[in-house]
Amino acid sequence: MTTFEALGIDARLIQATDELGYVNPTAIQEQAIPILLSGTKDFIGLAQTGTGKTAAFGLPLLHIIDAAARHPQALVVCPTRELCMQIVKEIELFKKYMSGVSVVAVYGGASIGLQIRDLKRGVQIIVATPGRLIDLIERKAINLEQIKYVVLDEADEMLNMGFQDDIEFILKNTPARESTWLFSATMPAEIRKVSKKYMKDPKEVTVGKINTANKSIDHQYYVTTAQHRYETLKRIIDFNPGIYGIIFTRTKLDAQEISERLTREGYDIDALHGDLTQQQRDKVMGQFRDKSLQLLIATDVAARGIDVVGITHVINYELPDDVEIYTHRSGRTGRAGNQGICISIVHAKEMYKFKQIERINNSQFHKLDIPSGKDVCRKQFFHFMDKLLSMDISHGDYETYVPMLAEKFAEVSKEDVLKRVAAMEFDRFLKYYENSEDLNLRERSRKDAGDRGEAGRGREGRERIGARERNEYAGRSSGGGGGYTRLFVNLGTKDGFFKASFLQFILDMSDLKKEALGKIDMKDMNSWIEIERGAAQQMIRSLDGKKYKGRSIRMNDADSGGPRRAV
Ligand code: AMP
């Protein structure tokens with residue numbers, strides 16, 4: 001194992017890293033630092049976040065800049081203000097024993113006046129987010145004339161957030177740039193393009209496994225008719241009670257109208273679009289950031305550069321025209337090690353476009369059934385009950401009141417109290433969803449396709465068609481069971497599975513192909529899987545007895561003595 005001394009780092013920097021407890025360089029540091037110190041012009045470092053990338057470029061930068069010259073020499077561009085502040089903090093720690101070196105952070109959402117003042121003090125290293133940096137360039141408040149080194153950190157995130165043009169603008173506005181160092185966790189085609197255009201024979205280093213697609217995002221879609229789009233959106237929101245998300249529309253008008261409609265119906269939402277003043281925009285963003293707004297509805301242009309931590313869902317109310325925009329939208333979730341969900345509401349006519357997005361995005365998209373009214377009510381009910389159970393009752397004056405209440409409630413059972421509490425909360429939902437319709441766009445069966453219209457189709461017909469679609473979804477029709485066998489498993493929707501995620505789970509566990517499966521029938525607690533006879537044992541071996549969320553999985557042949565589904 002090598003040391004920082006062996007990498008050729010300045011002794012003052014080693015003293016600082018020693019104090020920080022860095023004993024040995026991490027893999028990316030070990031590989032990048034000698035290259036960056038050797039005078040190599042352009043460099044690409046592929047490594048995940050948390051692998052020590054900041055020191056991998058921070059230490060060489062501090063080593064090579066001229067501390068005596070008090071003008072900006074190095075520029076680090078990164079996607080978010082949090083990262084910007086973190087990089088500056090680390091560089092400050094590294095340069096503890098180097099006098100005369102200054103570093104400044106430049107990011108949006110903070111006083112531009114103060115940042116301009118800091119820049120005027122004479123700094124050598126600027127760490128910036130693209131939006132604010134461009135603002136400063138346009139105000140001629142920043143001098144990039146003598147920038148020799150440009151570091152693009154988390155380049156894939158920056159492109160995901162729609163900063164491609166900004167990055168190119170910045171690269172074009174650094175006329176004395178000698179070296180460009182690009183760090184990224186993934187290597188999508190867009191980054192290759194940027195590197196080809198602005199870098200010369202870059203040395204490339206890869207640490208760990210690099211993906212081209214962001215695997216922390218689950219891409220899901222629902223197919224409905226054009227006139228059911230709004231209702232479907234509401235179902236999705238209602239089915240995800242803890243949602244903290246951004247909804248994308250194509251036009252300002254849609255964003256505004258949907259926001260107003262949902263607000264009237266009691267949802268916690270506001271719109272972000274180009275017609276807002278900067279002040280209104282800041283207000284909406286502030287509320288969304290501190291979570292006093294649960295949902296934000298935005299157009300692509302207005303949402304450019306939005307950087308909010310912890311977004312659980314991105315919803316495409318309408319699909320974008322451009323595949324790249326889909327990537328930018330979905331990239332708002334599933335960040336910083338979190339899992340995220342990107343949901344698209346798709347209309348039958350848009351399926352071709354959707355397939356194109358799926359192919360280019362290089363991810364598997366999961367088709368899900370739009371939840372029924374009953375599904376929504378059940379989900380809301382349990383969410384509410386979970387909230388009720390986790391309420392902190394340790395403070396407040398409850399102890400004083402409880403004896404009085406005990407008398408009042410003497411005749412009422414615990415179950416009745418729960419029902420009453422639920423009724424207070426759920427009457428609105430239950431009433432609303434009482435006779436709610438199936439919003440899924442179902443293929444018509446041949447028999448139904450005659451003169452009966454969509455609306456006139458009976459419940460029986462819908463269910464039959466639904467069952468056929470489930471077969472198709474699982475890859476093929478079982479054709480009545482011929483070479484198939486049926487497996488029982490004690491996992492169901494209560495375990496947090498949707499059909500698509502369940503399918504993925506059993507395929508991942510068993511290493512089998514989707515084609516081996518027939519119909520999948522999921523209930524709350526259990527599921528039944530049709531599978532080719534020859535593959536059944538492999539599936540059972542891979543799942544039976546394994547753990548899922550701490551619970552033992554039980555899987556067996558459904559038709560030979562295992563638990564049977566009540567019909
Ligand atoms: P980064 O990927 O730059 O965000 O770094 C992730 C974390 O690893 C930070 O908390 C760093 O302080 C820490 N770190 C970076 N390099 C080293 C090292 N060589 N030894 C120990 N910790 C390190």
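The model is predicted: local features need pLDDT of at least 70, side-chain atom pairs count only at pLDDT 80 or more, and totals for chains, interfaces and linings use all residues. Residues are numbered from 1 along each chain as its sequence is written, and side-chain values use heavy atoms, with hydrogens and water left out.

Start at the ligand. A ligand nitrogen lies 2.7 Å from an N or O atom in the side chain of glutamine 29. A ligand oxygen is 2.7 Å from a polar backbone atom of glycine 52. For threonine 54, an N or O atom of the side chain is 2.6 Å from an oxygen atom of the ligand.

Now the helices. Two packed helices are described by the angle between their axes and the distance between the axes. Helices here are DSSP runs of H or I, at least four residues, numbered from the N terminus. Axes are lines fitted to C-alpha atoms over the stretch in contact, and angles run from 0 to 180 degrees between N-to-C directions.

Take helix α6 (residues 130-138) and helix α8 (residues 164-172). Their axes come within 10 Å and cross at roughly 45°. That makes α6 oblique to α8; angles under 35 degrees count as roughly parallel, over 145 as roughly antiparallel, 65 to 115 as roughly perpendicular and the rest as oblique. Pro130, Leu133, Ile134, Ile137 and Glu138 of α6 meet Asp166, Ile167, Phe169 and Ile170 of α8, where contact means heavy atoms within 4.5 Å. By class, this contact of α6 with α8 has seven nonpolar, no polar and two charged residues.

Helix α10 (residues 229-239) packs on helix α11 (residues 252-264) at about 55°, with axes 12 Å apart. α10 is therefore oblique to α11. Tyr230, Leu233, Lys234 and Ile237 in α10 meet Ile258, Arg261 and Leu262 in α11. The residues of this contact divide into five nonpolar, no polar and two charged.

Phe505, Ile506, Met509 and Ser510 of α19 make the contact with Gln538, Met539, Ser542 and Leu543 of α20. Here the classes are five nonpolar, three polar and no charged.

Key: Helix = DSSP H or I, 4+ residues; strand = E, 2+ residues; numbered from the N terminus. Nonpolar A, V, L, I, M, F, W, Y, C, P; charged D, E, K, R; others polar. Polar contact = N/O pair within 3.5 Å; in protein donor to acceptor, adjacent residues only side chain to side chain.
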